[in-house]
Amino acid sequence: MYDIIDALLNRALGFGWPGWVIALISHLAVTTLLFVIAPLQMLFLTYYERRAIARMQDRIGPNRVGPAGLFQPIADGVKMFTKEDIVPAAADKWVHFLAPCVVVAPTMLMFAVLPWGPGMVPVDLSVGLLFFFAISSISAVGLLMAGLASSNKFALLGAMRAVAQMVSYEIPAVLSLLAVVMLTGTLSVVQVIEAQAGLFISRADVPGIPDLGLGWFIFTPVGFLAFVVFFIAALAEGERTPFDIPEADSEIVAGYMTEYSGMKFGLFYLAQYVLNFLLCAIAAVIFFGGWQGPGVNWLYAQAISPANPDGNWVFNVLAGFLGVFYLLAKTYAFFFVMVWVRGAFPRLRVDQLMDFGWKFLIPLTLVNIVSAAIWVALLRWGPEQGITFTQNWAPVLRWGVAFVVTLAVNVGAYIALARIFAAAQAGQGRIDLDEYRDTLTATLR
Amino acid sequence: MTAAVPLEAVLVVAGALFCIGLFGALSRRNLVGVLMGIELMLNAVNVNLVAFWRYLEPRFITGQTFAIFIICVAAAEAAVGLAMVIAIYRNWLTVNADAVDSLKG
Amino acid sequence: MATVIQIIFGLIAALVVGAAVMVVTVRNVIHAALWLIACFFGVGALYMLLEAEFLAVVQVLVYVGAISILILFAIMLTRQVTGEGVRQLVGGWRLWLTAAISALLFAVAIVPTIISHAWNLPAPPGPPGTPEPLDGVAELGRAFVYEFLLQFQVAGVLLTVALIGAIVIAFEERARRRRVLTLAEEHELRKRLAQPAPMEAPAGEPAPAPRAAPISEGEAQQ
């Protein structure tokens with residue numbers, strides 16, 4: 001954005017403004033754009049979800065307000081704005097007021113490291129990936145604040161469960177990303193995307209592959225297992241079914257949101273959908289190449305960029321549009337899968353949820369990290385790190401051997417861990433008759 | 001940063017944070033409050049170390065590794081300390097530091 | 001540019017020290033925990049200003065995202081039944097003594113030492129305005145695996161021990177936690193109590209299928 005505004009103001013229009021003014025204008029423009037885009041995404045996603053889930057449940061969904069119900073989210077927004085804001089008398093006023101803000105603010109901050117197109121990232125942090133997950137862990141504090149301040153037992157219980165779920169599933173999410181960080185050697189989101197150029201095989205692994213922007217990590221066994229684990233963990237982080245105990249109306253009223261009405265509830269709702277959008281987007285970025293796709297790199301090579309200050313601005317626009325189109329297509333496809341899962345699966349009980357996260361997903365991610373290490377050792381290391389037997393192999397042969405070995409390790413580990421987990425869960429159901437005899441005989445007819 | 005803000009300023013901030021944490025650890029009655037004071041002191045030490053790294057030896061990563069190890073140790077200590085607080089509450093039904101005095105002479 | 005950095009540093013320092021003072025003085029321990037979170041954020045911002053980006057992100061991830069939640073959980077699980085009438089700070093002369101100790105430590109020991117010491121700051125490598133070559137995340141990773149490998153492994157062992165220790169200390173014995181049976185399990189157990197002979201669990205039983213221990217002499221009395 002800096003280069004575009006610099007070219008526009010300093011060269012095309014001839015103002016000779018200093019660098020910091022251009023930087024300020026570009027940052028303000030980007031921030032404004034993001035603050036407009038985030039709620040728009042949320043509005044679209046609420047409509048999309050309601051229509052999709054309705055079709056799965058053999059209904060139609062909202063179709064009254066506007067053509068095909070397109071203004072339904074706006075009607076929802078008006079409803080939330082105009083509802084009375086009730087605060088319980090015994091509630092802790094300031095904490096009750098700040099809790100929705102603490103839940104929403106991280107979701108807005110997370111947009112700062114999401115690249116929308118080539119060269120279109122608000123801040124290219126060298127630790128962008130870790131920043132994304134560090135900021136997402138802040139919203140758990142907001143949930144606890146909401147539960148603690150409401151002076152309501154259900155709210156407290158719901159908040160504890162929600163936070164336990166969020167914190168437990170952050171670990172498989174971050175560990176599955178660790179495998180991808182090992183593959184690329186960097187924590188920067190922009191470089192993770194750039195490493196996914198190629199054609200089913202990333203350019204970083206086998207140099208010389210024609211660049212169609214399809215060298216995604218999902219096509220490697222390490223990336224595939226990491227994606228599966230990450231997607232399940234993202235379902236739990238975003239409190240989607242089958243992990244939606246925190247907002248299960250039939251179980252715990254509305255959990256930590258019980259005592260919230262009006263715009264504060266609207267903020268929780270906004271935070272949930274924006275977080276889900278961001279999780280789908282980051283899954284698309286890390287495993288499916290983000291804005292990488294056929295044509296984007298070729299277009300961007302001829303556009304205005306730090307590497308090419310004399311490019312043609314038309315190519316900037318074209319590359320940007322194509323990149324954003326690819327990113328949004330992938331993100332909405334993942335969101336559709338999230339809605340699909342919601343329509344298909346029943347809810348997990350809270351102890352089943354915790355067992356699944358801690359006893360199945362985490363060992364799976366740890367095995368995935370070992371396979372990522374094997375991949376890196378076979379593909380990138382040479383004699384100076386002590387691996388001498390791959391020295392004279394062609395890159396394609398190295399890639400093939402690494403693919404087969406990691407595939408074997410991952411599939412074997414998945415089968416073994418699934419068997420162990422199933423046996424452990426079945427063993428838990430064993431009940432000692434003696435323990436329950438008194439309670440049962442007391443009410444025996 | 002090194003040109004604009006002198007090292008003494010950052011160290012004074014860290015020192016102030018340390019003394020406030022010390023005051024909190026010594027004067028709070030709630031056991032969890034005492035632990036919060038200890039966390040403040042550990043953060044002050046971390047700020048001190050990172051300032052030394054940035055101003056005195058920015059080319060050697062040792063300062064940051066020290067700070068990361070301190071964060072690890074603080075996390076471990078907070079976990080075990082809070083587990084003990086919960087166990088104390090289960091037995092005495094209070095977390096008032098003055099009331100938990102069965103080891104007192 | 002330098003004044004902008006000084007202003008930012010002043011704001012962050014004010015946040016850090018102000019939040020710390022609130023932590024140690026507010027009555028409500030939940031509010032104290034929330035001020036502690038604000039203080040952690042301030043310290044993270046300070047790290048970012050000191051160009052230690054990885055440390056800033058780790059500070060937010062570990063302190064705000066995990067330790068603060070741990071503290072809030074501990075507060076939630078140890079709430080005084082008598083309400084907030086208990087005084088939060090030690091009373092009388094002890095309070096003034098600790099305040100005096102802290103103030104004296106700061107004013108007499110720490111500040112004069114800092115100000116009077118001759119810090120030999122290294123000269124910047126180029127003309128003012130060139131960015132310094134700073135170590136980043138990659139060097140940090142390399143340091144953990146080459147120079148500080150032993151410390152890294154010991155830290156891992158320490159965290160594992162702390163994890164196991166915290167679970168053991170806060171564990172509630174099984175006898176105190178009666179499992180609530182689902183309707184299906186209760187029905188199955190009732191049937192088993194009513195019948196003298198042991199019967200197989202039906203194949204279509206949902207996930208927690210009760211496979212009870214062999215029926216003892218209690219059944220023979222039925």
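The predictor's confidence in each residue is expressed as pLDDT, on a scale from 0 to 100. The structure is a predicted model, in which local features need pLDDT of at least 70, side-chain atom pairs count only at pLDDT 80 or more, and totals for chains, interfaces and linings use all residues. Residues are numbered from 1 along each chain as its sequence is written, while chains are lettered from A and ligands numbered from 1 in the order in which they are written.

For the complex, the predictor gives an ipTM of 0.93 and a pTM of 0.87. In chain A the average pLDDT is 85, and 93% of the residues score at least 70. Helices (H or I, at least four residues) and strands (E, at least two) are DSSP runs, numbered from the N terminus. Within chain A, confidence is highest in helix α9 (residues 221–237), at a mean of 94, and lowest in helix α10 (residues 249–252), at 58. Chain C has a mean pLDDT of 80, with 75% of its residues reaching 70 or more. Over residues 199–222 of chain C, pLDDT stays under 50. Two residues are taken to be in contact if their C-beta atoms, placed from the backbone, lie within 7 Å; for residues 199–222 of chain C the model has 32 contacts beyond four places in sequence.

Domain bounds come from an automatic or database domain assignment. For chain A, this assignment gives domain 1 (1–79) and domain 2 (83–350), with C-alpha centres 17 Å apart. Their contact takes 17 residues from domain 1 of chain A and 19 residues from domain 2 of chain A. On the domain 1 side, the elements giving two or more residues are α1 (2–12) and α2 (19–56) of chain A, and α2(A) gives the most, with 12 residues. For classification, Ala, Val, Leu, Ile, Met, Phe, Trp, Tyr, Cys and Pro count as nonpolar, Asp, Glu, Lys and Arg as charged, and the others, Gly among them, as polar. By class, the side of domain 1 of chain A that touches domain 2 of chain A has 11 nonpolar, three polar and three charged residues.

Burial was assigned from C-beta atoms placed from the backbone: a residue is buried if 20 or more other C-beta atoms lie within 10 Å of its own, exposed if 12 or fewer, and partly exposed in between. Helix α5 (residues 128–136) of chain A is largely enclosed by the rest of the structure, because eight of its nine residues are buried. The buried residues of α5(A) are Gly128(A), Leu129(A), Leu130(A), Phe131(A), Phe132(A), Ala134(A), Ile135(A) and Ser136(A). In helix α7 of chain A lies Met166(A), which counts as buried because it has 23 C-beta neighbours inside 10 Å. Leaving aside neighbours within four places in sequence, Met166(A) is in contact with Ala140(A) and Glu237(A). Gly185(A) is placed in the loop between α7 (153–184) and α8 (189–194) of chain A. With 14 C-beta neighbours inside 10 Å, Gly185(A) counts as partly exposed. A C-alpha separation of 9.9 Å is found between Gly185(A) and Ala195(A), which are 10 residues apart along the chain.

Chain C has eight helices and zero strands. Of the 222 residues in chain C, 27% are buried. Among contacts in chain C with a separation of 6 or more, 44% are between residues 24 or more positions apart. Chain C is divided into domain 1 (1–79) and domain 2 (136–196), and the centres of these domains, taken over C-alpha atoms, are separated by 29 Å.

Between chains C and B, 74 residues of chain C are in contact with 63 residues of chain B. On the chain C side, α1 (2–25), α2 (29–49), α3 (53–77), α4 (93–116), α5 (137–145) and α6 (149–169) each supply at least two residues. The residues on that side divide into 60 nonpolar, nine polar and five charged.

Two packed helices are described by the angle between their axes and the distance between the axes. Axes are lines fitted to C-alpha atoms, for helices over the stretch in contact, and angles run from 0 to 180 degrees between N-to-C directions. The axes of helix α1 (residues 7–27) of chain B and α1(C) come within 9 Å and cross at roughly 5 degrees. Angles under 35 degrees count as roughly parallel, over 145 as roughly antiparallel, 65 to 115 as roughly perpendicular and the rest as oblique; α1(B) and α1(C) are therefore roughly parallel to each other. The residues of this contact divide into 12 nonpolar, two polar and no charged.
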